[in-house]
Amino acid sequence: MPAIASSLIQMCRLIHRHRRQASSHRGPESTLRVTMTSLNLTHLAWTPLGHGHCHHQFQLRDASLHVGAGEFVGLIGPNGSGKTSLLRCAYRFSKPAGGEVLLEHQNVWKQSSRWCAQRIAVVLQEFPDAFGLRVDEVVAMGRTPHKGLFDSDTLEDQKLIQQALESVGLLGFEDHAFATLSGGEKQRVILARALAQQPQLLILDEPTNHLDPRYQLQLLQLVKRLNIGTLASIHDLNLAAAFCDRLYVINHGRIVASGTPHEVLTAELLRKVFGVEALIDTHPLSGYPRITWITQP
């Protein structure tokens with residue numbers, strides 16, 4: 001295994017350095033541009049392998065949702081409700097047993113992995129094994145779906161990588177080893193990789209888990225400004241209320257409520273779905289719903 005890992009490190013570095021060194025022509029001026037598109041999940045059904053004939057807590061049942069072009073949609077629900085399972089079906093990791101996942105009116109499960117990677121970027125809770133790569137090498141992986149294996153990086157690619165790092169506040173970290181970063185810094189590098197990918201849809205699974213409050217706000221503010229269709233599972237309901245245009249609530253694998261944060265985040269729903277009492281009022285500065293959990297003495 002050490003020999004295999006070492007070979008992978010060298011291969012990734014050789015490809016990245018070949019691309020940089022071979023780039024001798026000036027490409028067009030680049031920006032982190034986006035293309036407007038929408039996502040539709042219709043009547044999804046999914047059960048973990050080996051549990052097809054029995055109830056399982058992570059199974060999906062008749063789950064449907066819509067993410068409009070440029071819309072920030074939040075997926076909320078208690079632990080084990082099916083949030084990650086639904087996202088995995090959406091980004092072509094777990095194939096649903098029924099229903100469709102449509103992007104650009106195309107079923108993603110009838111398209112190639114490359115087609116999907118050119119259009120969908122994913123930021124997960126877990127950090128990838130970066131095999132000893134530097135920060136700039138990790139972010140450069142975001143350009144891979146748009147290139148052949150040994151295509152050289154253009155000046156446009158390099159500029160996109162720099163812009164992505166600047167967007168997440170990590171310009172100057174290019175030569176740092178990914179493995180030496182803090183959890184919050186790693187999460188921002190993975191978001192930068194997603195931005196360099198220039199996706200039409202962004203899928204985030206608990207993106208703020210490893211971040212302190214400052215970077216939680218900065219990350220979600222950045223995602224909001226991108227104007228990319230975004231589907232994100234969010235654990236902190238106050239953050240979901242502050243940043244999401246609409247919310248879907250999932251419980252026991254079913255979508256049980258949807259609408260704007262004002263429509264969804266009610267004391268009754270929080271009691272039924274999360275099993276806790278809460279006071280809901282309006283944030284005095286921003287106008288979105290504010291949740292105060294009520295604890296028993």
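Visitor: How many contacts beyond four places in sequence does the model have for residues 1-11?

Guide: For residues 1-11 the model has 5 contacts beyond four places in sequence, a contact meaning heavy atoms within 4.5 Å, and over this stretch pLDDT, the predictor's confidence in each residue from 0 to 100, stays under 50. Residues 21-30 also have a pLDDT below 50, with 16 contacts in the model beyond near neighbours in sequence. Where pLDDT is low, the predicted coordinates should not be read in detail. For the protein as a whole the mean pLDDT is 86, and 85% of the residues reach 70 or more.

Some conventions apply to what follows. This is a predicted model, in which local features need pLDDT of at least 70 and side-chain atom pairs count only at pLDDT 80 or more, while totals for chains, interfaces and linings use all residues. Residues are numbered from 1 along each chain as its sequence is written, and side-chain values use heavy atoms, with hydrogens and water left out.

The protein has 10 helices and 12 strands, taken as DSSP runs of H or I with at least four residues and of E with at least two, numbered from the N terminus. Of its 297 residues, 47% count as buried, that is, under 20% relative accessible area, where exposed means over 50% and partly exposed lies in between (1.4 Å probe, protein chains only). Among contacts with a separation of 6 or more, 69% join residues 24 or more positions apart.

Strand S3 (residues 72-76) has 5 of its 5 residues buried: Phe 72, Gly 74 and Ile 76 cover one side, and Val 73 and Leu 75 the other. S3 pairs in the parallel sense with strand S8 (residues 229-233) over 4 bridges, pairing requiring at least two DSSP bridges between the strands, and in S8 the bridge partner of Val 73 is Leu 231. Strand S9 (residues 246-251) also pairs with S3 in the parallel sense, over 4 bridges, and there Val 249 stands opposite Ile 76.

Phe 72 also belongs to the largest nonpolar core, of 51 residues, and is one of those that touch the most other members, as are Leu 191 and Leu 202; such a core is a set of buried Ala, Val, Leu, Ile, Met, Phe, Trp, Tyr and Cys residues joined through side-chain atoms within 4.5 Å. Helix H6 (residues 183-196) gives the most to this core, with 7 residues. Apart from it lies another core, of 27 residues, which includes Val 73, Tyr 91, Trp 109 and Leu 201.

Helix H2 (residues 83-90) is largely enclosed by the rest of the structure, because 6 of its 8 residues are buried, among them Lys 83 and Cys 89. Following H2, Arg 92 has a positive phi, near 65 degrees.

The structure holds 1 aromatic pair. The rings of Tyr 91 and Phe 93 have centres 6.3 Å apart and planes at 50 degrees, so the pair is tilted; rings of Phe, Tyr and Trp (its six-membered ring) pair with centres within 6.5 Å, and planes under 30 degrees apart count as stacked, over 60 as edge-to-face and the rest as tilted. Tyr 91 is buried at 16% relative accessible area, whereas Phe 93, at 58%, is exposed.
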